[in-house]
Amino acid sequence: MDKNFQEEFTQIIKFQPPLYKQRYQFVKDLVEKYKPKKVADLGCADCSLLWMLKFCSCIEVLAGLDICANVMKEKMHILSPLPVDYLQPSERSLTITLHHGSVVHKDPCMLGFDLVTCIELIEHLEESELKKFPEVVFGFMAPSIVVISTPNSEFNPLLPRVLLYRHPDHKFEWSQAQFQSWALETARCYNYSVEFTGVGHPPTGMEKVGFCTQIGVFVRKSPQTGESVQSEKPTEAVYKTVFKAVYPSLKDEKYLQNAVINEVIFTAQIIKHRLMSKREEYSDDPEKKSKFQPSMDCFSDYFGKVVVEKNMEPFVSGNEVYIPLTTIFSFPKVNRLCGSFEKLCKLIAGKVTLNSDGSAVMFNIEHENE
């Protein structure tokens, strides 16, 4: 939170990369290590962290929560799918949702997350809110991992423009001992372990000051039972959803079919082009042309080596070019998209021009020869 304000007064220290980027990178590294599928960012503010995390291939559900709806709404468009996402759908599914609400209220939409991040959040909570915070995050939400970052007050004397707190909205800033005491007690109460680290190294010779931003990584010791989740689950939602984006995915039959059709046509066109180019080499000799039989070896420089049977080879008959579906299916990308030959036939049925028995993609080259 408040990264612009914080970077202004840390410019003399000159953290490189900037401190907020180091915090985000820490979370991203954690995601790459633990591969969570569902991640929630509490106090998501301008959605910068969510935007970074949406590129992590393991994540299928992203959720953001903030008390200030206007800040989210100003930047939430950066979480929307781009045209390229529709042209080249991902193999994974991805849904991103933003909620307006307080971290001290319980809402069922925040259940079931693997990782919950609270980056520069707790120092903005009033004392009464801070008391409720652990029960909501660790008791109710109970994710596998919780990451909490907060300013280290012991670093403040090294920041010339800081008189009391680093931001006017901060209600407190803890020393290393204060943060660790709170974190260890919270972990004990809710059956978590916690490890301490941080970002923003102190100057050489002042290592005892600690990191500028201190971080606690909480890991749940045992899985929460379904019964305990249900007993805590409130009957009504309290957050207001302000944004939701569902990204196109190859797990959706509609997008998968489009991708397969495009790849089949592309592959068939390339094979046809190579076939006709090879055939053209024999055009000056009618006898050779009549005996011309293509070999898949002539396509291997483009597609890589593909091993096929003789009856899978493409052929020309009159003004028609036939590319057997078994040939097309043998190419890695088509094979990976479809998974089975039966699925290939099903997805392209009625969408691609085939011969009478449906065994080959067919092209009419009559006009191409004019």
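Mentor: Helices here are DSSP runs of H or I with at least four residues, strands are runs of E with at least two, and both are numbered from the N terminus. The model under discussion is a predicted one.

Trainee: In which loop is P17 found?

Mentor: P17 is joined to Q16 by a cis peptide bond, with omega at about 0°. The helices on either side of the loop cover residues 3-9 and 19-34.

Trainee: Over how many bridges do β6 and strand β7 pair?

Mentor: Strand β7 comprises residues 213-220, and its pairing with β6 is antiparallel. G198, for example, stands opposite Q214 in β7. The number of bridges between β6 and β7 is eight.

Trainee: Is T186 buried or exposed?

Mentor: T186 is placed in helix α7, residues 176-189. Leaving aside residues up to four places away in sequence, T186 touches P134 and F138. Its relative accessibility is 6%, and since buried means under 20%, T186 counts as buried.

Trainee: With which side chain does H170 make a polar contact of 2.6 Å?

Mentor: H170 lies in the loop between β5 and α7, and at 5% relative accessibility it counts as buried. Its side chain makes a polar contact of 3.5 Å with the side chain of H124. The polar contact of 2.6 Å joins H170 to the side chain of E173.

Trainee: What is the relative accessible area of E120?

Mentor: E120 is found in the loop between β4 and α6. Its phi is near 55°, a positive value in a residue other than glycine. E120 is buried, and its relative accessible area is 0%.

Trainee: What is the phi of A45?

Mentor: A45 is found in the loop between β1 and α3 (48-53). It is buried, with a relative accessible area of 14%. A45 is not a glycine, yet its phi is positive, at about 50°.

Trainee: How is α9 oriented to α14: roughly parallel or roughly perpendicular?

Mentor: The axes of helix α9 (residues 253-280) and helix α14 (residues 341-348) come within 9 Å and cross at roughly 95°. Angles of 65 to 115 degrees count as roughly perpendicular. The orientation of α9 to α14 is therefore roughly perpendicular.

Trainee: How many residues in the contact of α9 with α14 are nonpolar?

Mentor: The residues that α9 brings to this contact include L256, V260 and I261, and those from α14 include L344, L347 and I348. Of the residues in the contact, one is polar and three are charged. The number of nonpolar residues is seven.

Key. Residues numbered from 1 in each chain as written. Predicted model: local features only at pLDDT ≥ 70, side-chain atom pairs only at ≥ 80, totals over all residues. Heavy atoms only, no water. Buried < 20%, exposed > 50% of the residue type's maximum accessible area, 1.4 Å probe, protein only. Contact = heavy atoms within 4.5 Å. Pairing = 2+ DSSP bridges. Axes fitted to C-alpha atoms, helices over the stretch in contact; angles between N-to-C directions. Parallel < 35°, antiparallel > 145°, perpendicular 65-115°, else oblique. Nonpolar A, V, L, I, M, F, W, Y, C, P; charged D, E, K, R; others polar. Polar contact = N/O pair within 3.5 Å; in protein donor to acceptor, adjacent residues only side chain to side chain.
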